[in-house]
Amino acid sequence: MDITQIDLQRIKIPLKSSFATSFGKVTEKDIIIVKVISGDHTGYAESVAMPYPIYNEETTGTVWHMLETFLIPQLLEKGIQVPEDVSEMFSYIRRNNMAKAALEMAVWDLYSKKNGQTLSAALGGKRKEIEVGVSIGIEDSIETLLAKVEGFLEDGYRKIKVKIKPGWDIKPMEAIRKRFGDTIPLMADANSAYTLKDKELLKELDQFNLIMVEQPLAHDDIIDHAKLQVEMKTPICLDESIHSVEDARKAIEIEACKIINIKVGRVGGLTEAIKMHDLCEKHNIPVWCGGMLEAGIGRAHNIAIASLGNFTIPGDTSASSRYFHEDIILPEVTLSKPGIITVPDTPGIGFDINNNLIKKLIVNEASFKRESVFR
Ligand code: OSB
Ligand code: MG
């Protein structure tokens, strides 16, 4: 693909309001934008790691380190023919999936732009529109939570996901069902806040007719999830525990879940995400696209992967305005109809880059050229 230059821009972009989960709170997103350049074309991606190692072991800082020390020099030196070569090239490096994904996703954008096709089409996407939902953090009070749910239902979001943790689980679900009825599409995400000792409490969630409960148990577990699933009516969805298509195979084999959340960053890139999508489809496991509070470039990638056939459950990719006053892409991601995002029909990710905004947000940047590697 003749990649001659790769640039990194680290930006900090404030969130409209802080986002709290069972593992902590974030008030701004710390992002590395990766630009992969070949001839007249530039592919873009953004790193989805959190600023602290609280969701997984990676941070924005470790992603920067991996990119500049190992991933970028090797890619520039060895070169690649197709995007799939990137995940193959880095398969010997343990984990650091979000760092690998940031580079691989930029290569996919570049590849599809060079071929004049949309990223969605390059990935094998079929859908022209995707159904989307919204994720709501742990709020200060039930009233604040209900007000947020009401607003998002008015926007037409097709799935309302509410973060839970011990002491904030049954009450918020009860309050939402009481106010908005039994039919609104509702789910809970525990981000690993419980253990099997909480089994009786978790089984109480069954009364709320949830679409699923996401990652109730440890971030590195599938065994206990399988034990919990046989006792719970509510489908379990795994997020944190699944890093690869092999992890997904094992979880499906032991019936640790009935649904899988695919986050491209968590699984190391779009190539692995497609494999996981295909495996799940074969086993009748529906998937949906999770979110990591991405800015626009990450949102654009999520829209593309969510256009694949087995993404049958609305994902977490909300409009840019859900989190940001102004986004780093033009136009911003908006709902084209209530709860629907239209898949762009121009090459690559299908959005322009808002360089004026990025310039104001930059905290660090670096440029790597092929010549300097060979010299
Ligand atoms: O578990 O899905 C999660 C955000 C940060 C880390 C983990 C998670 C989340 C979200 C937000 O739920 C989803 C989004 O709106 O991007
Ligand atoms: Mg989750």
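**Close-up views of a predicted model**

**View 1. The donor residues of the magnesium ion (ligand 2) follow the spacing D-x24-E-x24-D in sequence.** Among them, Glu214 in strand β8 (residues 213-214) and Asp239 in the loop between β9 (236-238) and α9 (245-253) link distant parts of the chain, being 25 residues apart. The ion is coordinated by Asp189 (OD), Glu214 (OE) and Asp239 (OD) at 2.2 to 2.4 Å. Donors are N, O and S atoms within 2.8 Å of the metal (3.2 Å for Na, K and Ca), and sites may look incomplete because water is not among the atoms. Glu214 is buried, with a relative accessible area of 0%, and Asp239 also counts as buried at 0%. Buried means under 20% relative accessible area, exposed over 50%, and partly exposed in between (1.4 Å probe, protein chains only).

This is a predicted model, in which local features need pLDDT of at least 70 and side-chain atom pairs count only at pLDDT 80 or more, while totals for chains, interfaces and linings use all residues. Residues are numbered from 1 along each chain as its sequence is written, chains are lettered from A and ligands numbered from 1 in the order in which they are written, and side-chain values use heavy atoms, leaving out hydrogens and water.

**View 2. Helix α3 covers residues 97-114.** Helices (H or I, at least four residues) and strands (E, at least two) are DSSP runs, numbered from the N terminus. At 1.5 Å a residue, the 18 residues of α3 should span 26 Å, which agrees with the 25 Å between its end C-alpha atoms. The expected span is 1.5 Å times one less than the number of residues. Of the 18 residues in α3, 16 are buried. Gly116, which follows α3, has a positive phi, near 65°.

**View 3. The largest pocket lies between domain 1 (5-116 + 354-373) and domain 2 (121-352), because both give residues to its lining.** The domain bounds come from an automatic or database domain assignment. A pocket is an open set of points on a 1 Å grid over the protein atoms alone, with protein on both sides within 12 Å along at least five of seven lines; lining residues have an atom within 4 Å of a point. The lining has 20 residues, of which Asn97, Lys100, Ser244, Val267 and Glu272 lie nearest the pocket centre. Elements giving two or more residues to this lining are α2 (84-89), α3, α9 and α10 (270-282).

**View 4. Lys258 lies in the loop between α9 and β10 (259-262).** At 39% relative accessibility, Lys258 counts as partly exposed. Lys258 and Arg299 are 41 residues apart in sequence and 25 Å apart in space, C-alpha to C-alpha.

Terms used: 1 Å grid on protein atoms, 1.4 Å probe; cavity = no way out; pocket = protein on both sides within 12 Å on 5 of 7 lines; lining within 4 Å.
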